Every structure is written in C-alpha cells, then in structure tokens.
Amino acid sequence: MSEADETTSLTSSADAWTDVFFGVLVAPKETLTILSKEAKHEQGSRSLLKAAALVFIAVLLAALSKTGLELSTVDQMQLSFIIFSAILQWIFLGAFLFFLGKVMDVAGINFAASLVVTGWAYLPLVFLPTVRCLSIFPLIGGWLLFFVSLWMYSLEWHAFAALLELTHKRMALLALAVPFILSCLGWNWFFLSIFLSA
C-alpha cells in the first residue's frame, strides 16, 4: 500500500473518535497533520468536541490514578483542581499555538484547530493508570513515567509542527528561539520595572 493510499484511507476514517485515537497511537505525525488540515478548513466543532472528550477522559483517568476511587471531600477537591488546571493548561497551550500561528502568518489557522491538535497530544495520559500500577516496581515505573512524559512531549511537538506547517529543523529552531525571546523580554521588563521604581 502506497503512502498516498494510506493518507487517503486515514482521511476517510478520521471521522470516528476511535479511528483518530488509534491513528494517533499508530501514526501520530500523519494523523495530527490530517487533523490540523481538517480543522483549518472547517470550523472544527466536531473535531474540537472529540479532542475535548479525549482531554477530559485522559485527565480524569490520570487524576483518578493519583487520588484513587474512594474519594473523600479533600480528594474530590483535589480531583476537581487537577481536572480544571489540566483543561486550563490545554486551553493556554492552544492559545499559545494559535498566537504563534498568527505571528508566523500561517494560512487558515484558527483557535479550534490549535485546540484540536494540542488536545490529541494528551493521549499518553490515558495510559497513566497502568503506569501507576506498574510503579510498584520502582525502576520500571520510573522509566514508564519518563516514557509517557516523553511521548506526550513528542506528540505536542508533532502537533505544533503540523499546524504551523514546519519541518523538524525549523521546529527545533522555533523551540530554541521562543524561550530565548520570551526570557529576554521578561528580563527586559524586570530591569525596566526596577529602574522605573527606583
């Protein structure tokens, strides 16, 4: 089967949530590229609901694996805070990607598209309860937690690259340049506030 046939079959089956789920597991780069193109050309409400469902389910499973199933009032508050902060983080990450796309003048970028691709990068959190079960073996659990973190970072990398239409070399340059620019701006404002307050 050629690469074009695989892309066509992936595009035609990207309507079902489970198909996208397994697509991100098996072929993350291609699936996130297709999702970003679909979300750019339509308003992305259906795709956004699928991504929001994944984020909520993944964060809920990760939070329940931390708090356990027998929830006291404190655990319920902690669970609510974890879910709220993770969803807020997802929205801020999507807003940051949308802002980067507008600054870089990416054609057809919208806020829904940025939320869709960053939302599907939360997929590794679905497997966090299994990793926590295996963490009774310290060496295995530590490596698996590291792998899940690395996997999520890799999916975010592919999500940013797919939506911003960047090669991996340009993405690496962006990953190095943006923190440097933001830190320079932060230090600039910091020193400016010191001089103005003196």
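Which residues does Glu 156 touch, not counting residues up to four places away in sequence?

What we have here is a predicted model, so to speak of local features we need pLDDT of at least 70, side-chain atom pairs count only at pLDDT 80 or more, and totals for chains, interfaces and linings use all residues. Numbering starts from 1 along each chain as its sequence is written, and side-chain values use heavy atoms, with hydrogens and water left out.

Okay, the overall picture. The protein has 9 helices and 0 strands; these are DSSP runs, H or I of at least four residues for helices and E of at least two for strands, numbered from the N terminus. Of its 198 residues, 36% are buried, meaning under 20% relative accessible area with a 1.4 Å probe, protein chains only. Now contacts, that is, heavy atoms within 4.5 Å: among those with a separation of 6 or more, 72% join residues 24 or more positions apart.

Let's zoom in on helix H8, residues 138–164. The expected span, by the way, is 1.5 Å times one less than the number of residues.

Glu 156 counts as buried because its relative accessibility is 11%. And its partners? Glu 156 touches Leu 93, Thr 118, Ala 121 and Tyr 122, leaving aside residues up to four places away in sequence.

Technical notes:
Buried < 20%, exposed > 50% of the residue type's maximum accessible area, 1.4 Å probe, protein only.
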